[in-house]
Structures are given as structure tokens and as C-alpha cells.
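Hi everyone, thanks for coming.

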Amino acid sequence: MRQIQSVIFDLDGTLLDTIADLAHSTNYALRQMGFPAHPVEAYKYFVGNGINKLFERALPEDERTQDNVLRVREVFLPYYDEHNADYTRPYEGISDLFAALQAEGIVLSVASNKYQRATEKLVRTYFQEIRFAAVFGQRQGIPVKPDPTIVHDILKITGRSVAETIYVGDSGVDMQTAANAGVVSVGVTWGFRPRTELNTHGARYIVDTAEEIRKIIVAV
């Protein structure tokens with residue numbers, strides 16, 4: 001019997017390329033508030049710690065107040081809710097990976113710092129045929145990653161142990177989350193952050209294709 005029975009995936013930059021929709025929606029909110037917009041590529045370094053931190057990073061340095069963050073959020077949310085699937089697409093090989101893991105009886109879950117409503121919508125939109133044990137985004141009163149609470153909550157639902165679970169993500173935040181939760185970390189290179197960040201934050205494995213994740217599950 002294989003050791004790994006459960007895989008927890010980050011969402012943005014790991015399963016879905018969401019950066020264009022996040023960038024366009026944040027730029028829309030910034031322009032509405034009279035602030036300058038940013039190139040799409042810049043958002044790869046703004047995201048990863050929840051949307052409030054995204055807005056803080058996107059605001060001009062001398063405008064990064066809590067009030068401005070909340071004002072941008074108020075404009076962003078309804079716009080992104082409507083436009084969060086305009087350009088977003090699954091990364092190559094992800095849908096096939098899910099189908100294969102599900103057929104093999106691996107328990108699948110999602111742990112994201114994206115707010116809960118959008119996390120659920122995107123997973124439902126792009127992975128309709130996949131049964132997830134848990135789909136968690138940023139929830140009211142729950143600390144965001146790299147705090148390990150989201151992983152602990154998923155372990156309670158799946159009934160799988162730390163030793164039976166791996167965590168897959170594209171950023172240093174994800175690698176820290178895995179370390180804080182005590183699970184094996186797998187960093188993917190196709191997401192928003194470079195391989196060097198994954199190495200710096202202690203990724204146990206680093207993969208360049210979705211198929212390599214399946215090979216790790218068999219090998220661990």
C-alpha cells in the first residue's frame with residue numbers, strides 16, 4: 001500500500017493560471033480610486049498572502065493605509081466575482097493528473113489564500129468531474145497561509161495523517177505552509193514564483209510537470 005493517500009493543492013499558480021484576471025480586476029479597482037495600475041507580470045509578486053495583502057502591495061507606497069485597502073477591496077470584489085474566469089485556465093496536465101489520482105483513490109483537497117467564494121467558484125468551474133474532500137480559501141477568522149491551520153482543518157476532514165499527505169504549491173508561502181504543518185512539500189515551477197524561491201523555502205521536491213507529482217506519490 002502506498003504511503004501517500006492524500007494531496008493538498010494550492011490554487012493560484014499551482015492548479016490555475018489566474019494572474020491575468022487578478023491583475024485586470026485589481027487594476028480596475030485601482031483606476032476607479034485614482035491610483036496607477038501595474039503590468040500583469042508585476043502581480044506575480046503581489047499575490048500569495050490573501051487579497052488584502054495584494055491590494056496593499058498594489059497601492060502606492062505612501063497610500064498603503066488600511067482604509068485604502070478596504071476601499072480597493074470594495075470595488076475589486078464585485079468586479080472579480082464577475083470576471084474571475086475571463087482568462088483563467090488550468091495549467092497543462094492538471095486535469096489529467098486529477099483524473100488519474102482520483103481513479104487511484106487518492107484524496108484530493110484545495111487550500112488557497114484566495115477568498116472562499118472565489119475559490120469555490122473556480123474549482124467548481126474548472127474541475128467539475130473531480131471530487132474534493134475539502135475546498136478551502138481564505139475564511140473569516142482563520143489565519144492565512146503560511147499558518148498551518150488550513151492544512152490541519154483538511155487533515156481532520158480527510159482522516160489522513162501528516163505522513164500520508166503531501167502539499168503542492170508554487171511559492172515560498174506554500175513551502176512554509178507545508179513545513180509548518182509537518183507535511184512533505186512539492187514545489188511547482190510553472191506558477192508565479194521562481195525555482196529559487198522554492199529552494200530557499202525548503203521545498204522537499206520541485207517538479208516541472210504535473211506528471212512528476214504522480215511519480216512522487218508512487219515513490220514516497
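So, what covers the buried residues of α1? The cover includes β2 (16–17), α2 (51–58), α3 (66–83) and β4 (107–115). Helices here (H or I, at least four residues) and strands (E, at least two) are DSSP runs, numbered from the N terminus. Buried means under 20% relative accessible area, with exposed over 50% and partly exposed in between (1.4 Å probe, protein chains only).

A quick word on where this comes from: it is a predicted model, where local features need pLDDT of at least 70, side-chain atom pairs count only at pLDDT 80 or more, and totals for chains, interfaces and linings use all residues. Residues are numbered from 1 along each chain as its sequence is written, and side-chain values use heavy atoms, leaving out hydrogens and water.

Back to α1, which runs over residues 19–32. Of its 14 residues, 10 are buried, so the helix is largely enclosed by the rest of the structure. Among the buried ones are I19, L22, T26 and L30. Just after α1, G34 takes a positive phi of about 85 degrees.

Now, which residues of α2 meet α3? They are I51, N52, F55 and E56, and on the α3 side we find V69, V72, R73, F76 and L77. Contact means heavy atoms within 4.5 Å.

Technical notes:
The expected span of a helix is 1.5 Å times one less than its number of residues.
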